[in-house]
Amino acid sequence: MTTVDPTPTSLPTALAEPTARVHRGWILLLFSANLGLWMAFFTPIQVLLPLQIERIAPASKEAALAWVMAAGAFAAIIANPLAGALSDRTCVRIGGRELGRRHAWTFGGTVLAALGLLLLSRQQTLLGVALCWTAVQIFLNAMLASLTAAVPDRVPVAQRAAVSGWVGIPQSLGLVVGAVLVTAVFTGTVSGYTAVAVALLLLGLPFALRTADDPLPRGHRPPLSPRALVAEMWISPRRHPDFAWAWGTRFLVQLGNAFGTLYLLYFLTDGVRHPDPETGLLILILLYTAGMMATAVISGRISDRSGRRKAFVIWSGVEMAVAALILAIWPTFPAAIVAAVLLGGGYGVYLAVDAALITEVLPAAVNRAKDLGVINIANAAPQVLGPLLSAPIVVHLGGYPTLYVLTAVITLIGSAFVLKIRSVR
């Protein structure tokens, strides 16, 4: 369970374990903000960046995409926990009124990321694309750090897996909506990036402007200094072993996910030989999302009612591994359709339940956003390692069959790590 720092007096609302169930309107606004976030994150990764880079460097598109993706993910590794740590210390005053510590980061990250996407749309060189995508990653991760902290800040434990299921759905739905926008409505890369930027603003800002955000009294704020910030980034596995195993589970499952999804457009083009790979990719994304939406909230509610988390994580890993093996053994479009449904279903269960599990092993309430930022390194680091490792596999070490077998193995190992967690059932 989440612990808090002992104090002789009652804890402020910002640090107290939430007990009141959140209402549908709050969940809808958080859902909307996450939808805008993941549209801005995944639509460039899956559609716009591959097309933009293929036009700039067609002869080396795989390696070029890998390096651009790695640069952005490396920036995310640093930006997310740092933004979370600063969010834990933030105090904003407007008209003498002290506001909360999260929404300023949601608002600022949303606006700056949208501007970064507009600038990215105009780039004609690999260096320009890499620099702009890195900036977008920094601002999106500032937004992500504050949004991720909303669940342990406001949602009671008995409701967390269900809410996490709703919050997890935009990770796929955002790509679907974004892919439809940039392949069927706004077909150019410039107009595609612009549409995603506008959607990010419209979907992301209402949560920051219309929901409560509890301020943290100055006496409860961690010290703000470079040395303190750096020291906080290390969370001892010996003192907090459950947190360490949860981090390992997230890292390996997300590494498998990075291996399995990064080159889907190129897989359809060069492995499956699909006559219309962009349309094929959209079909797979739609099926993946349908599978995810079918399982995320339902599995979250069952997990909340039963109080069990680990069994759901393990079985979700098995299902995702089976999907990857299907792609490795049968590189055909009908097989890819089956794999997309299975992968989406497994990932929906994983996102809902693992997200709730992680909130129950956080070391201290005062550092929730920073600790979740450290967890989010396990999301971002695979985006660095995935491209760097998968590019040579695809080009030199057996191609897509080898890549997807490795995806299955890594995912299974990662999901098994959850068995080492002792404080959660």
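Visitor: Leaving aside its neighbours within four places in sequence, which residues is D371 in contact with?
Guide: Quick caveat: this is a predicted model, where local features need pLDDT of at least 70, side-chain atom pairs count only at pLDDT 80 or more, and totals for chains, interfaces and linings use all residues. Residues are numbered from 1 along each chain as its sequence is written, and side-chain values use heavy atoms, with hydrogens and water left out. D371 has its place in helix 14 (helices, H or I and at least four residues, and strands, E and at least two, are DSSP runs numbered from the N terminus). Skipping neighbours within four places in sequence, and with contact meaning heavy atoms within 4.5 Å, D371 is in contact with I235, F243, L362, P363 and A364.

Visitor: How much space lies in the largest cavity?
Guide: On a 1 Å grid over the protein atoms alone, a cavity is a set of points where a 1.4 Å probe fits but cannot get out, a pocket is an open set with protein on both sides within 12 Å along at least five of seven lines, and lining residues have an atom within 4 Å of a point. Grid points are joined across faces, edges and corners, and a volume is the space filled by probe spheres set on the points. The count comes to five cavities of 30 Å³ or more, and the largest cavity holds about 590 Å³.

Visitor: Which helix gives the most to the lining of the largest cavity?
Guide: There are 35 lining residues, and the closest to the centre are W38, L144, Q171, N376 and N379. They divide into 20 nonpolar, 14 polar and one charged (Ala, Val, Leu, Ile, Met, Phe, Trp, Tyr, Cys and Pro count as nonpolar, Asp, Glu, Lys and Arg as charged, the others, Gly among them, as polar). Helices that supply at least two residues each include helix 1 (24-56), helix 2 (61-89) and helix 14 (368-396). With eight residues, the top contributor is helix 4.

Visitor: How much space lies in the largest pocket, and which elements give two or more residues to its lining?
Guide: The largest pocket has about 360 Å³ of space. Of its 16 lining residues, I27, Q159, A162, W166 and R301 are closest to the centre. By class, that lining has nine nonpolar, two polar and five charged residues. The elements giving two or more are helix 1, helix 5 and helix 11.

Visitor: How far apart are the C-alpha atoms of A321 and V409?
Guide: A321 lies in helix 12 and counts as buried because its relative accessibility is 2%. Not counting residues up to four places away in sequence, A321 touches A408, T411 and L412. A321 and V409 are 88 residues apart along the chain, yet their C-alpha separation is 7.0 Å.

Visitor: What is the radius of gyration of the chain?
Guide: The chain has 15 helices and two strands. Its radius of gyration, taken over C-alpha atoms, is close to the 22 Å that the globule rule (2.2 Å times the number of residues to the power 0.38) gives for 425 residues, so the chain is as compact as a globular protein of that length, at 21 Å.

Terms used
Buried means under 20% relative accessible area, exposed over 50%, partly exposed in between (1.4 Å probe, protein chains only).
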